[in-house]
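Reader: Could you walk me through one part of this model up close, and then through some helix packing elsewhere in it? Please give me the cut-offs as you go.

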Amino acid sequence: MRLRLVLFAAGALGLGAAYFAAARGLPPVGGYSGAYGEVLNAVSVGERHATDVVSAVNFDYRGLDTLGEEFILFASVLGVATILRKQQGDEEDRDEPAWQARQAPDSDAVRVLGVWLVPLTVSFGLYMISHGAVSPGGGFQGGVVLATAPLVIYLCATAKTFLRIAPPWLTKAAEAIGAGGYVVIGCLGVLAGKQFLENVLPLGTPGAAWSSGTILFLNLTVGIAVAAGFVELLAIFIEEVLRRET
Amino acid sequence: MIGALQFLLFILLALAGMQVVRTREPLAQSIAVSFYGLVLSLLFFLHQAPDVALSQIAVGAVALPLMILLALAKIRRARQEREAEQNR
């Protein structure tokens, strides 16, 4: 025990010394020595009319990377759905009547909070998706915020209400439309005789919600796909797990 | 230079991260990791990265703990089923 402490102290002291020596050589907070960041900061508002440079990078200059990210999420949701579907088939015949729907919470406070939270999350999520090119946020973040609304509904009501608001056919269709829409918008560039994902739509006024061409619409498709993907995941778990708990 | 608030958040982040590791109960750990994600997103925000902060809140403080909770619920149900089968 004593030996272990001595060994730990020696190791910790060595690590600490090395760490501080390394940290002293770091550039100051906010220091930046690359070239691309400065270039993009200087040109993106003029070239793409997007006041949020991060969105301009994600959905225009590096739009192909975001397409890949969107399909990573698509593939993960698909994987979860596939894995959990198989288990459902195994057990279905046996304990079907044994489980019953989860009851809605008795607390009025929870329901009142839900009534407040749902419109708030829906409008904030939609705002974030639609203003991705103007202010921080965008399709990914707004989509997750939007997806929490059905979750709040589930917490305040029953799984049946959740499934009525977000039926499986709707989430599946929305996710397919969102994922495919990104590619379709990318093909607009090809149709116009330019490159895939090139920003060919009118750019509008910088700072206005209706601006920056394809960035706005790509944000919309990503928002739809992410929100639908998350709701789909929730629905899978809720259907498979929580509804069977008494 | 680093402001006092940033310094405080760094300390809080280190403590929160340590607590995530020290927590052994997975249910409590999901709440701890959610708090850790929230502190991290505040830190991103103070370093003038609001986009990253929003992603961090959405994924680190909401989506990840939620998926852990749902997975735990599924594991618990599977265990209960197995036990019920053994008792039969």
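Author: A:Phe59 counts as buried because 33 C-beta neighbours lie inside 10 Å (buried means 20 or more other C-beta atoms within 10 Å, exposed 12 or fewer, partly exposed in between, with C-beta atoms placed from the backbone). This is a predicted model, where local features need pLDDT of at least 70 and side-chain atom pairs pLDDT 80 or more, while totals for chains, interfaces and linings use all residues. Residues are numbered from 1 along each chain as its sequence is written, with chains lettered from A and ligands numbered from 1 in written order.

A:Phe59 sits in helix α3 of chain A, residues 53-61 (helices are DSSP runs of H or I, at least four residues, numbered from the N terminus). Beyond its neighbours within four places in sequence, A:Phe59 is in contact with A:Thr66, A:Ile215, A:Leu218 and A:Asn219 (C-beta atoms within 7 Å). The C-alpha atom of A:Met1, 58 residues away along the chain, is 56 Å from that of A:Phe59.

Now to chain B. Helix α1 (residues 4-22) and helix α2 (residues 26-46) of chain B have axes that come within 9 Å and cross at roughly 160° (axes are fitted to C-alpha atoms over the stretch in contact, with angles from 0 to 180 degrees between N-to-C directions). That makes α1(B) roughly antiparallel to α2(B), a word used for angles over 145 degrees. Residues making this contact include B:Leu9 and B:Leu13 of α1(B) and B:Val39 and B:Leu43 of α2(B). The axes of α2(B) and helix α3 (residues 50-87) of chain B come within 8 Å and cross at roughly 175°, so α2(B) and α3(B) are roughly antiparallel as well. There, B:Ser34, B:Leu38 and B:Phe45 are among the residues of α2(B) that meet α3(B), whose own include B:Ile57, B:Ala61 and B:Leu64.

Notes:
Helices (H or I, at least four residues) and strands (E, at least two) are DSSP runs, numbered from the N terminus. Angles under 35 degrees count as roughly parallel, over 145 as roughly antiparallel, 65 to 115 as roughly perpendicular and the rest as oblique. Two residues are in contact if their C-beta atoms, placed from the backbone, lie within 7 Å.
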